[in-house]
Amino acid sequence: MFTTTYHEERKPVTAQDTQSEKLFRRIGTLVVRHRIWVLMGLLLATLGLGAAAGQIHVDNSNRQWFLQGDETIARYDTFQENFGTDKFIFFLLENEDVFTPSTFEQLDTLQSMLEGIEYKGEAAFGEVTHIGNVQYVKGDTDGIEVIALSEDLGTTPEDFEEMRRRAHARGEYVGVLISENDRAAGLIAEVKLFHDDDKFHPTVIGELREKLSEPPFSELNLSIGGGPIIDTDMDGLTISESQLFGILAALLNIIITLMLFRHWPGVVIPAATVGI
């Protein structure tokens, strides 16, 4: 019977070896010499990390992008309490007086524009609510009727004063659809849900911003905000910063590998391996 014996061939350390080469050679020698223990340690670490993987929770909600105590968080919570979700876009239209024919016409034009935005052949926005079309409960001797706030009124100054009275009589309209001083009107547009489609928000918000940059909307004193806009802006910011981070990481990797190996093959081969 023949027995084959393998002997570990060791390269002698010379004065020309760099400190990094000496270090990696020592590490390699220890790993080979104690390979069973190294494999068992790697196996245990993998099992331990795998068991804990199910407990990892990634919270990417909008709340995580604000500092604790930020007033925006309080307004964000109030918005969700009122509407139950953040899948809305809120438009704030500022004028000298909300209760004028021109303001109501601007709100109607804005609503028509939103209803014309589509995504994959479907309307991108659901219900659009503003002071001109919000529901109002009207009661008289004949009973109770639910109508639009301005449905049974005309466009005379007296009619708009009646709209003003009705709006302020309903406390939930003030601070949402109109300001306390009647110099700003709010419009709330519900954004439809397209599940598992990461292009929906950027596409719709991009088209919306393009339309708002053109007349007649560019001539209005208009501000917008909402969950879909925050999502779109944060995604864009993440992509741009990821590109910068990737470039800096690549440069850092080149510098480190060049310092370790002191020749270009030691830089190019790891970089090509990662790139592939």
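Two strands pair if DSSP finds at least two bridges between them; strands (E, at least two residues) and helices (H or I, at least four) are DSSP runs, numbered from the N terminus. The model is predicted: local features need pLDDT of at least 70, side-chain atom pairs count only at pLDDT 80 or more, and totals for chains, interfaces and linings use all residues. Residues are numbered from 1 along each chain as its sequence is written, and side-chain values use heavy atoms, leaving out hydrogens and water.

**The sheet**

Strand 4 and strand 7 (residues 184-191) are joined by three bridges in the antiparallel sense. One of the residues involved is V128, whose bridge partner in strand 7 is A189. The open sheet contains four strands in the order 4-7-1-8, with antiparallel pairing. Strand 4 (125-129) and strand 8 (222-226) form its edges, each pairing on one side only.

**Salt bridges**

Nine salt bridges occur in the structure, each a side-chain nitrogen of Lys or Arg within 4 Å of a carboxyl oxygen of Asp or Glu. Three of them are listed here.

| Pair | Distance, N to O |
|---|---|
| R164 and D97 | 3.0 Å |
| E161 and R164 | 3.1 Å |
| R166 and E162 | 3.1 Å |

R164 belongs to helix 5 (residues 157-169) and D97 to the loop between strand 1 and helix 4, so their contact ties together parts 67 residues apart in sequence. R164 is buried at 17% relative accessibility, and D97 is partly exposed at 23%; buried means under 20% relative accessible area, exposed over 50%, and partly exposed in between (1.4 Å probe, protein chains only).
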